[in-house]
Amino acid sequence: MTSRIVQVLLLFVAVSCVASKSFSKSDEFTHQQIMKLLSLPQKSEMIPNVFKVKIGDKAFLGAFTWSNCNSSAPLKLNSLSISPDPVKLSGDLTVAVNGTADVNVVQGLSAKLVIKKKIAGIEIEIPCESNIGSCTYNDVCSMIPSTPPADCPAPLPTYKIPCSCPVPKGNYVLPKTTFTIPPIPVPGWLASGDYSIGVKAYDKAGNNLACYNFKLTLA
């Protein structure tokens, strides 16, 4: 209880500092305090992932949830599941996804991520540092190696899922597949807790191609 009160007080001070003036990287005290706060492990407040219910474009219940947030966007998720849930940063991760692209994905694709972590019941946006966090990526295709399909990691070639641009329009299905994530150094803020992630993608003309919201727990 005492630690939670301290977290709330620190959170109030940090948010007050940000609200009282324009936040910039030169504001080192505020920036460091927020990052230190984000690095504190948090106890999950989400419901354990016992079962999922999908209604329309949303999946409910469980620590991990997802939704399409723009029904007219041409890149949609039809279904998505991950396990274990809560998610572990290393070890086996099982993923199943079904998605539809109603347009060809070509060069000029940009993406904006907004990642928030719940601290003492309040969601705090994680700043963008070294291209990790709440960042904007102006040319996503340039970040993906342009390799022949034969060089895509298994099992993507088996299910005809491209791993480089352009991505032809169509329906793409990855059945339950287990990947092994090796232990890797991660930012301090990526500690245990509840996270929300917003993803928006745009073409070079500024049209919204995709909009997704995710909620997950890191163990």
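Author: Let us begin with accessibility: buried means under 20% relative accessible area, exposed means over 50%, and partly exposed lies in between, with a 1.4 Å probe and protein chains only. This is a predicted model, in which local features need pLDDT of at least 70 and side-chain atom pairs count only at pLDDT 80 or more, while totals for chains, interfaces and linings use all residues. Residues are numbered from 1 along each chain as its sequence is written, and side-chain values use heavy atoms, with hydrogens and water left out.

Reader: How many disulfides does the structure hold?

Author: A disulfide is a pair of cysteine sulfur atoms within 2.5 Å, and the structure holds 3 of them. One joins C69 to C211, with an S to S distance of 1.9 Å. C69 sits in the loop between β3 (65–68) and β4 (75–83) and C211 in strand β11 (residues 208–218), so this pair ties together parts that are 142 residues apart in sequence; strands here are DSSP runs of E, at least two residues, and helices are runs of H or I, at least four, numbered from the N terminus.

Reader: Are C69 and C211 buried or exposed?

Author: C69 counts as partly exposed at 34% relative accessibility, whereas C211 counts as buried at 5%.

Reader: Which handedness does the disulfide of C128 and C135 have?

Author: The torsion about its S-S bond is about 105°, so the disulfide of C128 and C135 is right-handed. For C141 and C165, the torsion is about -75°, so that disulfide is left-handed.
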